[in-house]
Amino acid sequence: MTDTVKLISLAVAAPEHVILQKQALEASARLFADRFEDFRHLARVFDSAGIEKRHAARPLSWFDEPHGWQDRMEAYAEVAGGLFVEAASCALRQAGLEAGDVDCVVTVSSTGFTTPSLDAQLARRMGFRADIERVPVFGLGCAAGVSGFAIASRLAQSRPGAVVLFISIELCTLAFRLDELTRPNIIATALFGDGAAACVLRAGGGGLAEVESTGEHLFPDTLDIMGWKIDDGGFGIVLAQSLPPFAERELGPAVTTILARNGLRPEDIGRFICHPGGMKVLAAMESALSLVPGTLDHERAVLAEYGNMSSPTILFVLERAIRAGLPERAAMIAMGPGFSASCVTLRRVA
């Protein structure tokens with residue numbers, strides 16, 4: 001019998017700069033209120049977002065000035081590199097391993113990029129072997145915390161005993177745009193923060209949880225729901241108002257289909273671990289998954305403390321769920337650009 005893949009360790013990290021939601025509102029009002037007549041109406045999202053603070057790659061004063069691609073990507077390379085090393089080193093230390101033990105590294109990010117990719121740039125600093133397999137993945141957005149985890153777990157399954165390091169890094173705040181006088185940009189300013197997470201996966205014994213199944217669902221004709229608009233100034237957020245009602249209507253059947261492909265039903269899941277995209281999205285997910293309102297408590301706690309960090313956010317939630325004690329079976333769920341839903345089921349290790 002083939003050994004199942006285990007989540008061996010999980011570590012999270014965030015940049016040093018902290019922005020309180022009150023500070024974010026004050027700064028946004030100073031920068032937008034006189035130029036965007038709808039700002040005062042939209043400003044209510046800062047209070048209703050359920051966010052108390054978030055971490056940022058740069059101090060609040062940095063966002064007072066316009067920035068182009070060079071500024072943004074230089075900041076990304078510096079801060080994402082530091083978070084990569086911090087989160088990865090902590091996850092390896094928890095697993096009782098060293099960087100030289102890693103056979104494959106999967107890195108997901110959709111808020112910045114470097115070429116060569118971060119894993120190559122940091123290989124010497126980390127101490128990776130020359131024969132390490134590198135899998136950098138861009139463009140999966142908020143769903144990448146789950147879909148990237150699934151990719152890493154399948155690589156671990158294909159090479160029993162191999163150590164696979166999965167890293168999710170997003171610096172959402174670097175996409176802040178002074179020139180985007182739009183509803184999505186104001187909402188993004190109220191919602192998004194920065195963070196990173198790292199996991200060690202390996203087929204074999206022990207670990208925090210067993211990876212039981214993975215699956216995705218790509219919804220047709222939904223390219224306009226979420227993504228980036230890319231121009232000379234950088235990334236510009238695409239975020240449709242229809243997202244919460246879409247999630248409430250479509251997520252349940254999609255998750256049911258994914259689970260069914262793996263011989264499971266929603267009733268088999270003891271705890272859904274969801275990506276907290278926002279308070280409205282969390283309420284929509286609870287409705288879609290037939291959960292009692294307020295069930296997704298770890299999700300709301302992470303949202304309050306860190307904001308929506310895109311892909312690593314669900315791993316922050318998973319870390320709390322593990323500390324609280326996983327049920328016999330849990331399912332991680334995230335939605336992202338495509339528009340898509342990703343699902344991974346985990347079983348408690350006896």
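Buried here means under 20% relative accessible area, exposed means over 50%, and partly exposed lies in between, with a 1.4 Å probe and protein chains only. Helices (H or I, at least four residues) and strands (E, at least two) are DSSP runs, numbered from the N terminus.

I keep in mind that this is a predicted model, in which local features need pLDDT of at least 70 and side-chain atom pairs count only at pLDDT 80 or more, while totals for chains, interfaces and linings use all residues. Residues are numbered from 1 along each chain as its sequence is written, and side-chain values use heavy atoms, with hydrogens and water left out.

**Entry: the length of α12**

I looked up how far apart the ends of α12 are: helix α12 (residues 313-324) has twelve residues, so at 1.5 Å a residue it should span 16 Å, and the 17 Å between its end C-alpha atoms agrees with this. The expected span is 1.5 Å times one less than the number of residues in the helix.

**Entry: α11 against its neighbours**

How do the axes of α11 and α12 meet? I found that the axes of helix α11 (residues 297-306) and α12 come within 9 Å and cross at roughly 125°, which makes α11 oblique to α12. Axes are lines fitted to C-alpha atoms, for helices over the stretch in contact, and angles run from 0 to 180 degrees between N-to-C directions. Angles under 35 degrees count as roughly parallel, over 145 as roughly antiparallel, 65 to 115 as roughly perpendicular, and the rest as oblique.

I listed the residues that make this contact (heavy atoms within 4.5 Å): α11 contributes His 298, Glu 299, Ala 301, Val 302, Glu 305 and Tyr 306, and α12 contributes Thr 313, Phe 316, Val 317, Arg 320, Ala 321 and Ala 324. An α-helix has 3.6 residues a turn, so residues three or four places apart point the same way.

On the other pairing, I noted that α10 and α11 have axes 11 Å apart and pack at an angle of about 170°, and are therefore roughly antiparallel to each other. Here Met 279, Leu 282, Ala 283 and Glu 286 of α10 meet Glu 299, Arg 300 and Leu 303 of α11.

I then checked which residues of α11 are buried, and they are His 298, Glu 299, Val 302, Leu 303, Ala 304 and Tyr 306. These buried residues pack against β3 (53-56), β11 (271-274), α10 and α12. Just after α11, Gly 307 has a positive phi of about 75°.

Most residues other than glycine have a negative phi, and most peptide bonds are trans. With that in mind I looked up Ser 290, which has a positive phi of about 60° although it is not a glycine. Ser 290 sits in the loop between α10 (279-288) and α11, and counts as exposed at 67% relative accessibility.

Is Ser 310 buried or exposed? I found Ser 310 in the loop between α11 and α12, where its phi is also positive, near 65°, and with a relative accessible area of 6% Ser 310 is buried.

For the peptide bonds, I noted that the one from Thr 115 to Pro 116 is cis, with omega near 5°, and that Pro 116 lies in the loop between β4 (104-109) and α5 (118-121). The bond from Gly 338 to Phe 339 is cis as well, with omega near -10°, and Phe 339 is in the loop between β12 (329-336) and β13 (340-348).

**Entry: what the record lists**

In an unreviewed entry, UniProt lists residues 212-339 as "domain: Chalcone/stilbene synthase C-terminal", and I found that the chain over residues 212-339 is 40% helix and 24% strand, with end C-alpha atoms 24 Å apart. The UniProt annotation "domain: Chalcone/stilbene synthase N-terminal", also from an unreviewed entry, covers residues 70-203, a span that is 43% helix and 22% strand with end C-alpha atoms 41 Å apart. UniProt positions are given in the numbering used here, feature names are shortened, and annotations may be inferred rather than shown by experiment.
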